[in-house]
Amino acid sequence: MRCESIAAASVRRIPGDFARANESLTSAITLAAIELLAGQRMMFHACGLADPLSGATVAFIAPSGTGKTTVARTLGPGLGYVSDETIAVGPDLGIISYPKPLSVKQPEPGRPKLQQGPDHHVLGVTPPAPVLAAITILSRTPHDAGAPADAVSVSASVEDVPLAQAIVELTPQLSALARLDRGLVQLCTMVQACGGVKRIRYSEAASIAPLLPQLVRPVEAGTPAQWMALETTPESANARAGMRRTPVQDAIDADGTVLLLIDSQVLELGPLGALVWEFASDWTTREAILGKVIEVIGGHPSADALIDEALAELLFRGVLENA
């Protein structure tokens with residue numbers, strides 16, 4: 001990343017002790033780096049650890065404060081340290097490394113995180129050209145301190161996450177997704193190139209270590225997600241009457257589930273809502289939509305009520321607009 005661009009960020013005096021100022025400075029640099037790459041790279045809120053020889057990198061994705069840094073410092077020795085915060089990935093799956101100091105929580109509530117260099121935790125050297133090889137979602141279940149030792153499982157497990165569900169869970173952990181061209185399409189392509197998304201269920205970070213070899217093993221490619229046309233009919237092509245879908249940032253069909261990216265948020269449409277959205281690319285009426293839906297899925301005793309409910313929901317969500 002260009003140091004001069006990051007240094008150009010505004011500088012302000014930070015009140016408090018050195019630890020608090022250090023935490024604020026690290027955060028400011030991270031935000032400046034994210035802004036620099038916005039619209040150019042897929043940026044996961046993740047810890048990244050890599051094979052030191054091949055550069056094959058596993059992204060461990062999770063919200064702030066839920067285990068990424070602990071995974072980095074626990075599993076990092078012997079592996080290449082890529083980041084404990086942000087993984088910036090290009091279309092070729094190449095990663096721009098960001099081996100920032102690890103932000104470690106202090107025991108006392110309200111205290112700033114300590115910024116500790118990779119050497120402090122004996123983490124492996126960052127590979128020169130890391131490549132995304134696996135995408136995982138961390139799901140940690142803390143031990144019950146009052147449970148007997150033999151009642152606590154120390155093993156971790158890994159499971160596949162269906163594509164549509166994975167996209168819904170990943171998007172809140174992405175920076176500037178809406179600034180990418182067809183961001184959902186790029187995300188699906190990246191997910192499928194890595195063999196899908198895996199969920200890691202664990203209690204202690206050390207228990208993840210035995211799972212690492214199976215996270216990057218070759219897998220059979222799944223059904224590609226289908227990108228959907230975003231265009232609406234120009235105003236001059238039809239009289240402005242009835243209702244029409246509003247512009248969205250992206251739309252995909254992932255294994256039969258339609259996902260829309262609207263105002264940087266992902267909205268999952270049910271089967272009926274997806275049909276309505278498809279039929280509303282031009283100004284249309286309730287009756288016309290109802291007729292087309294019946295043509296596709298057949299009649300239903302409650303067809304009128306179901307259509308009215310779907311239209312009301314889509315209008316409320318801003319997916320459709322009235323003339």
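Reader: Where does arginine 182 lie in this model?

Author: The model is a predicted one. In it, arginine 182 sits in the loop that joins E10 to H5.

Reader: How many salt bridges does the structure hold, and how should I read one?

Author: The test is a distance: a side-chain nitrogen of Lys or Arg within 4 Å of a carboxyl oxygen of Asp or Glu. The structure holds eleven salt bridges. Arginine 182 takes part in one of them with aspartate 250, where the closest N and O atoms are 2.4 Å apart. Aspartate 250 is in strand E14 (residues 250-254) and arginine 182 in the loop between strand E10 (174-175) and helix H5 (183-193), so this pair ties together parts that are 68 residues apart in sequence. Aspartate 250 is buried, with a relative accessible area of 0%.

Reader: Which residue does lysine 100 pair with, and are the two buried or exposed?

Author: Lysine 100 forms a salt bridge with aspartate 84, and their closest N and O atoms are 2.9 Å apart. Lysine 100 lies in the loop between strand E5 (95-96) and strand E6 (102-104), while aspartate 84 lies in the loop between strand E3 (80-83) and strand E4 (86-89), so the pair ties together parts that are 16 residues apart in sequence. Both lysine 100 and aspartate 84 are buried.

Reader: Which helices are linked by the salt bridge between arginine 286 and aspartate 304?

Author: The two side chains meet at 2.8 Å, N to O. Arginine 286 is in helix H8 (residues 286-297) and aspartate 304 in helix H9 (residues 303-317), so the positions are to be read as distant parts of the chain, 18 residues apart. Aspartate 304 counts as partly exposed, at 43% relative accessibility.

Reader: Which residues are linked in a network of salt bridges?

Author: Glu159, Glu169, Arg199 and Arg201 form such a network. Serine 139 is in strand E8 (residues 131-140) and counts as buried, at 17% relative accessibility.

Reader: What of aromatic pairs and of charges over rings?

Author: A pair of aromatic rings is described by the distance of the centres and the angle of the planes. Here the count of aromatic pairs is zero.

Reader: Why do the buried residues of H4 line one face of the helix?

Author: An α-helix has 3.6 residues a turn, so residues three or four places apart point the same way. In helix H4 (residues 163-170), the buried residues are Leu163, Ala164, Ala166, Ile167 and Leu170. Seen down the axis of H4, they fall within an arc of 160 degrees, so they line one face.

Reader: Which residues of H3 are buried, and what covers them?

Author: In helix H3 (residues 68-75), Lys68, Thr69, Val71, Ala72 and Leu75 are buried. Their arc around the axis is only 160 degrees, which puts them on the same side of H3. The cover includes strand E1 (42-50), strand E2 (56-61), E3, E6, E8 and strand E11 (197-202).

Reader: Which residues does valine 296 touch?

Author: Valine 296, in helix H8, touches Leu275 and Phe279, not counting residues up to four places away in sequence. The C-alpha atoms of valine 296 and leucine 275 are separated by 8.9 Å, and the two residues are 21 residues apart along the chain.

Reader: What do the totals for the protein come to?

Author: The protein has nine helices and 17 strands. Of its 323 residues, 44% count as buried. Among contacts with a separation of 6 or more, 70% come from residues 24 or more positions apart. The accessible surface is about 16500 Å², and 56% of that belongs to carbon and sulfur atoms.

Notes
Residues are numbered from 1 along each chain as its sequence is written. This is a predicted model: local features need pLDDT of at least 70, side-chain atom pairs count only at pLDDT 80 or more; totals for chains, interfaces and linings use all residues. Side-chain values use heavy atoms; hydrogens and water are left out. Rings of Phe, Tyr and Trp (its six-membered ring) pair if their centres lie within 6.5 Å; planes under 30 degrees apart count as stacked, over 60 as edge-to-face and the rest as tilted. Helices (H or I, at least four residues) and strands (E, at least two) are DSSP runs, numbered from the N terminus. Buried means under 20% relative accessible area, exposed over 50%, partly exposed in between (1.4 Å probe, protein chains only). Contact means heavy atoms within 4.5 Å. Accessible areas come from the Shrake-Rupley method with a 1.4 Å probe; for residues, only the protein chains shown count as cover. The arc is that of the directions from the helix axis to the C-beta atoms.
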